[in-house]
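Morning, everyone. Please keep the viewer open.

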Amino acid sequence: MLTQVLLTLTQALQMVALAPCLLVIIYLLVLARHRSLIIVPTLYFLCLMCGLLYYLLPAFLDYPNGSLLNAILVYGDAFVPALSYLLIFQFLLNKNPPIIYWSILAVPAIAASPFVYAAVFIEELCLTVDVCFSSRQALHLHNVVHSAFIFMLLTVILARLTKGQDLNKIGVSHKYWLI
C-alpha cells in the first residue's frame, strides 16, 4: 500500500528528479521541431531515469534483489556518461553527431556488463581470502573510471575540433534549444 511507503531523503530527491526527466522526454517526443535531434536527448533522459529508478523502486515494489529489472536499470545507468558525450557534441555541432562518435556507446555496452552482473547478482567480491569488498563498490569505481575516460576523450576531441576557433561562437544559435 502507498500509505506504508517511507522514503529516505535521497529517494525523495530521486522521485523529484524523475518529473523533469519525464517532462523533457514528453516535450521532445511531442513538441520538438527537429525530429532528428530528439534521439540523443531522449536516450540520455531515459538512461538517467534508469539510474534514479534503480534506487527508488525498492520503496514501492517488493521484488528480489537480484532481479532482471535491477540489471536492466543498472545497465541503462551505465550509458549516461557516453550519452552525455553524444549530447555535448550534438549541442556543439547543431546536428546529430557523426556515426564515428556513436561508437562510444560500445564502451559501456562491453565494459559495464561484468560489473552490472556482479552488482546485481553477487553481494561481495573477494580478491583473496582476506580481501573482500562490496560488488556495488566495484560498480561505482568502474563508473568513475569509465566517466573519466569518456570525458578525457571529449576534451581531446574538442581541443582538436576547435583549434584556432572561438569556442563561444560554435553552436550559439542552438545552444539552448533543449531548455
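Start at N94. This residue sits in the loop between α4 (80-93) and α5 (106-121). Helices here are DSSP runs of H or I with at least four residues, strands are E runs of at least two, and numbering goes from the N terminus. N94 is partly exposed, at a relative accessible area of 29%. The cut-offs: buried is under 20% relative accessible area, exposed is over 50%, and partly exposed is in between, with a 1.4 Å probe and protein chains only.

A word on the source. This is a predicted model, in which local features need pLDDT of at least 70 and side-chain atom pairs count only at pLDDT 80 or more, while totals for chains, interfaces and linings use all residues. Residues are numbered from 1 along each chain as its sequence is written, and side-chain values use heavy atoms, with hydrogens and water left out.

Now the overall layout. The chain has six helices and two strands. From the N terminus, the order is α-α-α-α-α-β-β-α. Of its 179 residues, 37% count as buried.

Next, Y44. Find it in helix α2 (residues 39-56). Is Y44 buried or exposed? Buried, because its relative accessible area is 16%. Leaving aside neighbours within four places in sequence, Y44 contacts V80, L83, S84 and L87. Contact means heavy atoms within 4.5 Å. Take L87: 43 residues along the chain from Y44, with the two C-alpha atoms separated by 7.8 Å. For the chain as a whole, take contacts between residues at least 6 apart in sequence: 67% of them join residues at least 24 apart.

On to H142, in helix α6 (residues 135-161). H142 is buried, because its relative accessible area is 10%. Beyond neighbours within four places in sequence, H142 touches A111, A112 and F115, counted as contacts.

Last, the surface. The accessible surface of the chain is about 11,200 Å², and 71% of that belongs to carbon and sulfur atoms. Areas come from the Shrake-Rupley method with a 1.4 Å probe; for residues, only the protein chains shown count as cover. Which residues make the nonpolar surface patch of about 570 Å²? L22, I26, Y27, L29, V30 and L31. A patch takes residues with over 30% relative accessible area and no salt bridge, joining like charges within 9 Å and nonpolar side chains (Val, Leu, Ile, Met, Phe, Trp, Tyr) within 5 Å. A salt bridge is a side-chain nitrogen of Lys or Arg within 4 Å of a carboxyl oxygen of Asp or Glu. L31 lies in helix α1 (residues 9-31), and L31 is exposed, because its relative accessible area is 55%.
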